[in-house]
Amino acid sequence: MEIDALYRLFLQHPVVTTDSRDCPQDSIFFALKGESFNGNKFAEKALEAGCSYAVVDEAEYAVPGNDRLILVDDCLTALQQLANYHRRQLKTPIIGVTGTNGKTTTKELISTVLMQKYKVLYTQGNFNNHIGVPKTLLRLTDEHELAVVEMGANHPGEIKTLVNIVEPNCGIITNVGKAHLEGFGSFEGVIKTKGELYDFLRTRKDSRVFIHRDNPYLNGIAQGLNLVSYGSTTEELQAVNGEVIECAPYLTFRWRMGQGEWHRVETHLIGSYNIDNMLAAAAIGLYFGVSPEQIDAALAGYIPQNNRSQLEVTERNHLIIDAYNANPTSMMAALKNFREMKVERKFALLGDMRELGAGSVEEHQKVVDYLNESDFEQVWLVGAEFAKTQHAYRSFTNVDEVNAALDAEQPSGYYVLVKGSNGIKLFQTVSHL
């Protein structure tokens, strides 16, 4: 089936699913494949569960005479092409968001600010890959005035693939750092891949790039773009600039446009590093005509709920939960903020940083060396990579060992930083702290 014909069916049934266990009535099922599953095998089950059509890419599953089973060359390609076709029909202005750290928080802050004035579609959670991005675009309707689409990558060329599906009008790279080095091959590979967003926007005359002026790597690849600037030290007259007031423990900061009036915002986010995400959202909000007062209210009202820079108070401790992901850049930023935080009795509970390749031990040792300088009352390290470093801290193989120790010892009266790659599962320690 050609994409225009598939699109006509989508207009009649504008909900897609890739999970045969979740088949809303009258939706369209796409039979995707993975390393351990073949969605084609579940196509008829999806129809029985409520889907109106199932898209398959293996002829043996396209039962003759059943016109509800649609055969295509490749289901993933068909899903991506359908999403791009839909995006082109609606012509909704889209802001593309990528970066090593902060992209999910920045995406949510941007969306929160823009929703003060517009009907906004934005990426749910971190569905930012080759499947999540097209599914996000297929949620667009003619009621949406703007869209904010997050795009992630851990291999070269993946951002290029995603921007060609999304075709954003504007874009922001939050930063570039040492993450997924196993897939990218080098830090330079990270920069090149994230920069594929810039490469696409150069092809659009009406595009805008929101750029963090304090970041030399981003400035180094931003030639030839229409820039809207923000940062802590920028002196450009039309740029948004700001500074941290305190983190005790929540971030309080102030911002302004150029040399204009200062706006003070008390946030619900932990971490001085989040000022960059806040300033980005303010810059984008101003560009799209959101008033400074609306921006202040949006940023002050945002409450994180995704294991990113959030504070949770238990009966025994105050937890700073940043356990969704970790890489050398974000780990050091979190530790620096924790070190500077004006609270007593600090406990660092840290898990391995995954996917760092050949440089993994060196990067973990740098974290340990920083811990040695930081004078935290307690430090627990979790995972095989930290076990390879030279240190005298308590070590654990996995989260189960940590939880057993927490249950036995019941530490109390601490501010606890919980930080590690998602695969270490340190989020499971929260109920034990």
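A crossing of two helices is right-handed if the near helix is turned clockwise from the far one by less than a right angle. The views below come from a predicted model.

**View 1. Helices H4 and H12 cross in a right-handed sense.** H4 spans residues 103-114, and H12 spans residues 292-301. Their axes come within 8 Å. The crossing angle is roughly 135 degrees. From H4, the contact uses Leu109, Thr112 and Val113. From H12, it uses Ile295, Ala298 and Leu299. By type, the contact residues comprise 5 nonpolar and 1 polar, with no charged residue.

**View 2. Four strands, S1 to S4, form an open parallel sheet.** The strand order is S1-S2-S3-S4. S1 (16-17) and S4 (69-71) are the edge strands. Each has a single partner strand, so one side of each lacks a neighbour in the sheet. S1 pairs with S2 (residues 28-30) in the parallel sense, over 2 bridges. Within this pair, Val16 stands opposite Ile28 of S2.

**View 3. Helices H1 and H3 lie on the sheet of S1 to S4.** H1 covers residues 3-12 and packs on the sheet. H1 touches S1, S2, S3 (53-56) and S4. The direction of H1 makes about 130 degrees with that of S2. H3 covers residues 75-90. H3 lies across S1, S2 and S3, and runs at about 130 degrees to S2.

**View 4. Strand S8 pairs in parallel with S5 and with S9.** S5 (residues 94-98) and S8 are joined over 4 bridges. In this pair, Gly96 stands opposite Gly171 of S8. S9 (residues 208-212) is joined to S8 by 3 bridges. Here Ile172 stands opposite Phe210 of S9. S8 itself spans residues 170-173. Cys170 and Ile172 point one way from the strand, while Gly171 and Ile173 point the other way. All of these residues are buried.

**View 5. Helix H8 is largely enclosed by the rest of the structure.** H8 runs from residue 187 to 194. Buried here means under 20% relative accessible area. Of the 8 residues in H8, 6 are buried, so the helix is largely enclosed. The buried residues are Phe187, Gly189, Val190, Ile191, Thr193 and Lys194.

**View 6. Six strands build an open sheet with mixed pairing.** The order is S14-S15-S19-S16-S17-S18. The edges are S14 (310-313) and S18 (394-396), and each of them pairs on one side only. From one strand to the next, the twist averages 20 degrees.

**View 7. Strands S16 and S17 pair in parallel, and helix H16 packs on their sheet.** S16 covers residues 346-351, and S17 covers residues 378-382. The two strands share 5 bridges. Phe347 stands opposite Gln378 of S17. H16 (residues 399-409) touches S16, S17 and S18. The direction of H16 makes about 150 degrees with that of S17.

Technical notes. Residues numbered from 1 in each chain as written. Predicted model: local features only at pLDDT ≥ 70, side-chain atom pairs only at ≥ 80, totals over all residues. Heavy atoms only, no water. Axes fitted to C-alpha atoms, helices over the stretch in contact; angles between N-to-C directions. Contact = heavy atoms within 4.5 Å. Nonpolar A, V, L, I, M, F, W, Y, C, P; charged D, E, K, R; others polar. Pairing = 2+ DSSP bridges. Buried < 20%, exposed > 50% of the residue type's maximum accessible area, 1.4 Å probe, protein only.
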